[in-house]
Amino acid sequence: MKVLVTGVKGQLGYDAVNELEKRGHIAVGVDIAEMDITDKVNVSRIMSEVKPDAVIHCAAWTAVDAAEDNEEKVRLVNAVGTENIATECNKLGCKMVYISTDYVFDGKGEEPWQPDCKDYKPLNVYGQTKLEGELAVAERLERFFIVRIAWVFGKNGKNFIKTMLNIGKTHDTVRVVNDQIGTPTYTFDLARLLVDMVETEKYGYYHATNEGGYISWYDFTKEIYRQVGYGTKVVPVSTAEYGLSKAARPFNSRLDKSKLVANGFKPLPDWRDALSRYLEELENGTN
C-alpha cells in the first residue's frame with residue numbers, strides 16, 4: 001500500500017512514516033516544503049503525482065494559545081487544508097485518516113465522550129477549526145477514519161513532558177492544574193494503531209489515547225518526576241488559580257475508546273508504560 005503522510009516533521013507524522021515502512025508499505029512523507037496543504041492547486045498536483053492508496057493527515061496548527069490571535073491562519077491550515085486533502089482523496093478514491101482532538105467538545109461534565117457523539121461545542125479557535133476539518137472530511141468521503149486524540153507526546157517538537165522535565169531541572173516547586181482530566185497519547189503507540197486502521201475498511205469516528213485510566217495534568221507530572229527521580233515538589237492548583245492561558249481548555253477530556261476493541265483494534269498500552277519507554281528514548285538521545 002502507498003500512503004501519503006502529511007506533517008512528517010511533527011511528532012505523529014514522523015512515527016507514522018516509520019511504522020508504515022516497518023510493515024513494508026510505501027510511505028511518502030510531506031511537510032509544508034513538499035506540499036502546502038493550504039494551496040489547493042499544489043495539493044492536487046502532488047497527490048495526483050503520488051497516487052496514494054491512503055492519506056494519514058497529521059499536519060495541523062496545534063499551538064492552542066497562539067491560535068486565538070491567528071484565527072484566519074489557523075482556519076486555513078486546520079479547515080481549508082483538510083478540505084483540500086479530502087477533496088483530492090475523493091477524486092482519487094483513496095482512504096483518509098484525519099487526526100482530530102478532544103477540543104471539539106466543550107469539556108463539561110465527567111462522562112467520557114463517545115466517538116459518535118455530535119454534541120460539538122468547541123471552546124477555542126483550535127477546537128473550532130479542527131471540528132471544521134472533521135466536517136470537511138465527513139462531507140466529502142465515505143472511506144474515512146476520524147481519530148480524536150488528547151495530550152500528545154512524541155519524539156519531534158515540544159510537548160508537556162519535555163516542558164516539565166526542563167522546569168523540574170531548575171525549580172524546587174512546580175504548580176500544575178488538577179481539574180483538567182484526560183489521558184496522554186504517545187505518538188509511537190498511536191502510529192501503530194493508525195496503520196492497523198488504514199489496513200482495514202472499518203471506517204468511522206474513533207477515540208484513541210493510551211490506556212491506564214483518566215488522570216489530571218498534576219497526576220501526570222507527579223508520575224513524570226517519579227520515573228526520572230526528580231525531587232521537585234508538585235503543587236496542585238485549579239485552572240482558575242493557574243491563570244496564564246489565553247485559550248479556554250476543556251475540563252473533561254475523557255475519551256471513550258471502547259469502539260476500538262469493538263471493531264477488533266488493539267488498544268494502546270498503559271500511559272505509564274508509554275511514559276517509561278518515552279523517557280528511555282529521551283535518555284538515549286534518540287529524539
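Modeller: Helices (H or I, at least four residues) and strands (E, at least two) are DSSP runs, numbered from the N terminus, and axes are lines fitted to C-alpha atoms, for helices over the stretch in contact, with angles running from 0 to 180 degrees between N-to-C directions. The model is predicted, with local features needing pLDDT of at least 70 and side-chain atom pairs 80 or more, while totals for chains, interfaces and linings use all residues. Residues are numbered from 1 along each chain as its sequence is written, and side-chain values use heavy atoms, without hydrogens or water.

Helix H8, residues 217-228, packs against helix H11, residues 271-283, at an angle of about 45°, and their axes lie 11 Å apart. That angle makes H8 oblique to H11, oblique being what is left once under 35 degrees (roughly parallel), over 145 (roughly antiparallel) and 65 to 115 (roughly perpendicular) are set aside. Phe220, Glu223, Ile224, Gln227 and Val228 of H8 make the contact with Trp271, Arg272, Leu275, Ser276 and Leu279 of H11, where contact means heavy atoms within 4.5 Å. Six of the residues in this contact are nonpolar, two are polar and two are charged.

Elsewhere, helix H7 (residues 187-198) reaches 16 Å from its first C-alpha to its last. Eleven of its twelve residues are buried, so H7 is largely enclosed by the rest of the structure; buried means under 20% relative accessible area, exposed over 50% and partly exposed in between, with a 1.4 Å probe and protein chains only. Among the buried residues of H7 are Leu190, Leu193, Leu194 and Met197.

Note on methods
Ala, Val, Leu, Ile, Met, Phe, Trp, Tyr, Cys and Pro count as nonpolar, Asp, Glu, Lys and Arg as charged, and the others, Gly among them, as polar. The expected span of a helix is 1.5 Å times one less than its number of residues.
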